[in-house]
Structures are given as C-alpha cells and as structure tokens.
Amino acid sequence: MTILTVGVVGAGQMGNGIAHVFALSGYDVLLNDVAPDSLERAMGTIGKNLDRQVHRGKISHEDRDAALGRIRTTLTIADLGQTDLIIEAATEREPVKQAIFDSLLPHLKPETILATNTSSISITRLASRTDRPEKFIGVHFMNPVPVMQLVELIRGIATGEETYRTLLGVIERLGKTPASAEDFPAFIVNRILIPMINEAVYTLYEGVGNVQSIDMAMKLGANHPMGPLELADFIGLDTCLAIMNVLYDGLADTKYRPCPLLTKYVEAGWLGRKTGRGFYDYRGETPVPTR
C-alpha cells in the first residue's frame, strides 16, 4: 500500500512531534485537534524544533521550509477522511481513543489505515471497535519524537500482513528503527520502564531516599541520562499512572500496583513539567524537588 498523506489526531507533545517527522520525510500532513490554541501552539513548537535542527546542521533551511509547507491544520476531524494513514495521538484514555475512531469511521476511504500511538492499551480491543481491524495497528513513537530513534510496531490479533509491512516501510522512511512487539499491556518499553519509575516513587514514598538522591543514584550509579523521577515529570505523572493501571488491570499482578504517592500527585494536578509541578517544581529559574 502506498502512503502519501497522513492525518494526525491530537496536537499535543506526541502529535506535533509525529507531524514534524512525517512532514520532514516528505509526507503531506493534516494535523487535527479540538482546540484552536492547541493547533497554534503545535505549529509554533514544530517551527522551533525545526529551527533547532537547522542550527545543529541536521537539516537545511530549505528542508525546514518544505516541512512546514507540508503541514496543514484542521478543527474538523472529518477532514482527515481522505488521508491514507491516520495516527491517533490523543490522551492515554481508552474511552477518548474509542470516541475518536468512532467519529472517524463514517468519513474514511476503504483503504485508509488506522493507527494508534497508545503506549499501553490493547490494539486488538481498539481495533475491534472499527470497521477495519485488519487495517488497524499500534505505532508507538517515543518522546521526544524528532529525537528518539525507536518506534514500537504492535499488531492486534486481526492486523493484516499488508498493513504491518506498509507501516514497516513508513517507519524506515522516517529514518526510525522499528521494534515489533506483541499486543500485551504496555508492550516492551513501558512494560519495563514505567514499573521502574513506579518503584522509584515507592522508594520516595517509603523514605528510602529523597527526590534528589533517588535521581542522582540512578544517573550516577546506573548511568541513566535522567533520573526516574525527573523522567516521570517529563513523561507526565498522569500518563505514568494510566500505564500502571493498565498493567495492574491487564496482568492482575500486585507487583504492578500504582504507588499511592503517584496517585496523590495526579489527584493534586501535579503532573510534571506540563503543569509546572510534579516531583520537581518548575516555576522558578531552576527545578526544585517537591519532597
């Protein structure tokens, strides 16, 4: 199958990054969101990130201008119906994703492939709600999308071989490296990464160490580029909690029980960098631990 046009649903951190890499690789992109200001912010972020790539010598000014020229925005989800591939990149809540696919279905071409950027939710279950489970696949980009090399490619039980092969080619054209994962809760990366973060939160909760000591221990003792609590703030504590709940519910194992302190931070609205406070307070010149 030939993919020339790509629709992206959701103009947040993941959606604008996905639009960025597709446009830079020569695809025509239609970016959708329900909020006009989200689309405006997304285009601003894409422009800044492209400028950063120009400054670092990764791309030319001509590449930047061409990429921006390939991205259009729309508030109307029906407009995405004529694209060849649609990638849903909305919040990590299954009812929201299901509602998006429900609203898309009446407008799609028969050959359009549907993909979800979910980091944990069952591809098989999402696909079963559509009229094309054989043309439905999980395509999990890592954050930040323009920088990270890996893309998890997840087939549901009904995903067709042609769909899988088509997306393999798309990912390679993006200059990314695909890793095939089975359709189990949280797939590969988050099955390993998010429980580690949850354990770091338990370590904080139980008083084994404070925020700074936990992050320093993993950076200097395990050679991690970011400490687990710093990384949690970067990902979003609500996303971390959602993934832990998917693991806990899907695998029925108490080792995946979300830490109560993680739940408390989310209930307080302290979700990390995107809200200005999480395990660190980002409202000043430099981040300050909150515990």
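These entries record what I looked up on one helix contact and on the aromatic rings of a predicted model.

**Helices α9 and α10**

I took helix α9 (residues 228-235) and helix α10 (residues 237-251) and checked how their axes run. The axes come within 6 Å and cross at roughly 100°. That makes α9 roughly perpendicular to α10, because angles of 65 to 115 degrees fall in that class. I then listed the residues that meet: Ala232, Asp233 and Ile235 on the α9 side, and Leu237, Thr239 and Cys240 on the α10 side. By type, the residues of this contact are four nonpolar, one polar and one charged.

**Aromatic pairs**

I counted seven aromatic pairs. For Phe22 and Phe141 I read 6.3 Å between the ring centres and 65° between the planes, so this pair is edge-to-face. Phe22 sits in helix α1 (residues 13-24) and Phe141 in strand β6 (residues 136-141). The two are 119 residues apart, and their pair links distant parts of the chain. I found both Phe22 and Phe141 buried.

I also looked up Tyr265 and Trp270, which form an edge-to-face pair with 5.7 Å centre to centre and 80° between the planes. Tyr265 has 6% relative accessibility and counts as buried. Trp270, at 25%, counts as partly exposed.

**Cluster and charges over rings**

I noted one aromatic cluster formed by Phe22, Tyr27 and Phe141. Which residue lies over the face of Tyr27? I found Arg173 there, at 3.9 Å from the ring centre. Arg155 lies over the face of Tyr164, at 3.7 Å from the ring centre.

Key:
Residues numbered from 1 in each chain as written. Predicted model: local features only at pLDDT ≥ 70, side-chain atom pairs only at ≥ 80, totals over all residues. Heavy atoms only, no water. Axes fitted to C-alpha atoms, helices over the stretch in contact; angles between N-to-C directions. Helix = DSSP H or I, 4+ residues; strand = E, 2+ residues; numbered from the N terminus. Parallel < 35°, antiparallel > 145°, perpendicular 65-115°, else oblique. Contact = heavy atoms within 4.5 Å. Nonpolar A, V, L, I, M, F, W, Y, C, P; charged D, E, K, R; others polar. Phe/Tyr/Trp six-rings, centres within 6.5 Å; stacked < 30°, edge-to-face > 60°. Buried < 20%, exposed > 50% of the residue type's maximum accessible area, 1.4 Å probe, protein only. Lys NZ or Arg CZ within 6 Å of the ring centre and 35° of its normal.
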